[in-house]
Amino acid sequence: MVEPLAVVTAAAPNYLAQVRVLARSFRRHHAAPFYAFLAGDGEAERRLRDLDVRIVSIRTLRAPGLAGMLLRYGPKQFCAAIKPALLLSLLDLGHQTAVFLDPDLYVADTLEPCLAEAAAHSLTLTPHIGPESLVQADEPLERSLLMAGMYNAGFVAVRQCSEARAFLQWWMERLRRHCYEDPRQGIHFDQRWLDLAPGYVADLHLLRDPGCNAGYWRLGEAAWDPEAGRFLISGRPLRLFHFSGYDPQRPSLVTRYRPDWRVDSLGTLQRLFQLYHHLLLEEGWLEHARRPWPWGDAWRAWEAIRRVRRAVRTARRMLSGA
């Protein structure tokens, strides 16, 4: 019998420690199947067997243009671009609800209320900000979200239905050629495309639990509750924290997206980042972080071509006075 719900993540080999931290933290709260795609790693099953992780092989992915994506995309781009294919693969296996989680997430509390909401809708997304954010509205953050997208693609859930499948097919086709960072052209990897979801999916659900897929964009609402012994976001349990832009090589910084934010300025929230850094080291981050991208450096040439194209477009606008 196929389990009704399953979770999947994707990562490059140098993110194996992050995958292990995510899988282990998920396992502390849930028994649902946990799948992982570890790009180019033939030993992935052995490396994750102790955590009861099911491996998704690249040979089983039904993603048009996969070979071209391996040439054009580097680690971050490729692992983002195959999200819809991975979600479709879980639906094809018979799971009724499929959830994608970015590898740099940490499960701090049960996700049951969030997963129950996801199971009732064709597509479930998490907005970066919510009504709680108005209390300390952050204009620089809001402006960056206008460029990066209103929904964070670290958590995407779909239900087994034709509407969800049609959306995933559309998203997969867009990411086949346009999964990179070019905000001036309205592209921010896989994420900015999700802004179009309200027009394409009638049964779109916004998961407004502030503690689900919270990241640096929600730190102003976070606090440590010493009596309960847990972190809270706007008075509710922190369930899933996204260490977006966190670099274990520079553990004193919160995220590369806010280079002036330091961990030692977070008060009691320091312990969240210190815990995550400790867990990464325990799972072998020092060893795995050096593992190379298995499909070579051709993607760097494509990056250079895109930079040249951007420069040409900018020059043309300047010359035309636009």
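Helix α1 (residues 16-27) packs against helix α10 (residues 270-282) at an angle of about 115°, and their axes are 8 Å apart. The two helices are therefore roughly perpendicular to each other. As you look at this crossing, keep in mind that the model is predicted. The way α1 passes α10 is right-handed.

Which residues of α1 and α10 meet? On the α1 side they are Ala17, Gln18 and Val21, and on the α10 side Tyr276, Leu279 and Leu280. Sorted by class, this contact has 5 nonpolar residues, 1 polar residue and no charged residues.

Now turn to helix α5 (residues 83-92) and helix α8 (residues 162-177), which pack at an angle of about 150° with their axes 8 Å apart. That angle makes α5 roughly antiparallel to α8, because angles over 145 degrees count that way. The crossing of α5 and α8 is left-handed.

From α5, the contact uses Lys83, Pro84, Ala85, Leu87, Leu88, Leu91 and Asp92. Helix α8 answers with Arg165, Leu168, Gln169, Trp171, Met172 and Leu175. By class, the residues of this contact are 9 nonpolar, 1 polar and 3 charged.

Arginine 174 also lies in α8. Is arginine 174 buried or partly exposed? Its relative accessibility is 29%, so arginine 174 counts as partly exposed.

## The nonpolar cores

In soluble globular proteins, nonpolar side chains tend to be buried together. In this model, the largest nonpolar core has 52 residues. Those with the most contacts inside this core are Phe37, Phe78, Ile82, Leu86, Leu123 and Trp171. Helix α8 gives the most to the core, with 7 residues. A second, separate core has 29 residues, including Leu5, Val107, Leu111 and Ala118.

What does leucine 86 touch, leaving aside its neighbours within four places in sequence? Its contacts are Val8, Thr9, Ala10, Phe37, Val56, Leu61 and Phe100. One of these, Phe37, is also listed with leucine 86 among the residues with the most contacts inside the largest core.

## Leucine 115 in helix α6

Leucine 115 has its place in helix α6 (residues 112-118). Its relative accessibility is 6%, so leucine 115 counts as buried. Not counting residues up to four places away in sequence, leucine 115 touches Leu5, His30 and Val99.

## Two loop residues with positive phi

Most residues other than glycine have a negative phi. Phenylalanine 189, in the loop between β9 (187-188) and α9 (197-200), has a positive phi near 55°. With a relative accessible area of 7%, phenylalanine 189 is buried.

Where is serine 234 found? It is in the loop between β13 (230-233) and β14 (236-237). The phi of serine 234 is positive too, near 50°. Serine 234 counts as partly exposed, because its relative accessibility is 30%.

Conventions: Residues numbered from 1 in each chain as written. Predicted model: local features only at pLDDT ≥ 70, side-chain atom pairs only at ≥ 80, totals over all residues. Heavy atoms only, no water. Axes fitted to C-alpha atoms, helices over the stretch in contact; angles between N-to-C directions. Helix = DSSP H or I, 4+ residues; strand = E, 2+ residues; numbered from the N terminus. Parallel < 35°, antiparallel > 145°, perpendicular 65-115°, else oblique. Left-handed = near helix turned anticlockwise from the far one by under 90°. Contact = heavy atoms within 4.5 Å. Nonpolar A, V, L, I, M, F, W, Y, C, P; charged D, E, K, R; others polar. Core = buried A, V, L, I, M, F, W, Y, C linked by side-chain atoms within 4.5 Å. Buried < 20%, exposed > 50% of the residue type's maximum accessible area, 1.4 Å probe, protein only.
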